[in-house]
Amino acid sequence: MGLSSILMIAGIAVIIISLLFKDKSARVEKDVEDLSINIYQETNALKRRVKALEEELLVEPNFQVRKPSSVQQNSEQQAAFSSFQQVAAQVKAAQSNGTAPKVNPPKSTKPINGILVSQVLALNSQGLSIEEISKRSTLSHAQIHSIIANGGQQ
């Protein structure tokens, strides 16, 4: 027997032995499928948690930071600058008269969210002070007074 016949018999034996062993690729495919399902479930759970946090923090779900357009930015800057000039004029007048300046803060044009209103009313009913309610919410003292005075009606 030559070398070629020995190699041929060894090759046939290896092929027969490989046919007798179970195919592990099906098992690997099942493991990969299970892993992908677990990742999908965990991702959905995280999305639900993030959504709950967004609702709690009152953030829009599709929140994106955008650069303001130059026209909008200029108008906002002009409005802020004009209000600054008004306050500066009041301070100068008060300093020349020797009295404290009267500063009128700009009124908030946005309505207060219903969740915040109910939170303020609940904290007030628990006996928390306006200062503590202000620390726990994003509202000013005046807004909290207004909510409590109106009983939550806007």
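In this predicted model, the protein chain exposes about 13,500 Å² of surface, and carbon and sulfur atoms supply 60% of that area.

As for what the chain is built from, the tally is six helices and zero strands. Reading from the N terminus, the order is simply α-α-α-α-α-α. Among contacts with a separation of 6 or more, 40% come from residues 24 or more positions apart.

Helix 1 covers residues 3–20, so to speak the opening stretch of the element list. Its 18 residues reach 26 Å from the first C-alpha to the last, close to the 26 Å expected at 1.5 Å a residue. Helix 1 is also hardly covered, with a buried count of zero among its 18 residues.

Further along, helix 4 (residues 114–125) packs with helix 6 (residues 141–150). Two packed helices are described by the angle between their axes and by the distance between those axes. Here the angle is about 80 degrees and the axes lie 10 Å apart. Angles of 65 to 115 degrees count as roughly perpendicular, and helix 4 and helix 6 are therefore roughly perpendicular to each other.

Which residues make this meeting? On the helix 4 side they are V117, V120, L121 and N124, and on the helix 6 side they are I144, I147 and I148.

How values were computed. Residues numbered from 1 in each chain as written. Predicted model: local features only at pLDDT ≥ 70, side-chain atom pairs only at ≥ 80, totals over all residues. Heavy atoms only, no water. Axes fitted to C-alpha atoms, helices over the stretch in contact; angles between N-to-C directions. Helix = DSSP H or I, 4+ residues; strand = E, 2+ residues; numbered from the N terminus. Parallel < 35°, antiparallel > 145°, perpendicular 65-115°, else oblique. Contact = heavy atoms within 4.5 Å. Areas by Shrake-Rupley, 256 points an atom, 1.4 Å probe, with all protein chains shown as cover. Expected span 1.5 Å × (residues − 1). Buried < 20%, exposed > 50% of the residue type's maximum accessible area, 1.4 Å probe, protein only.
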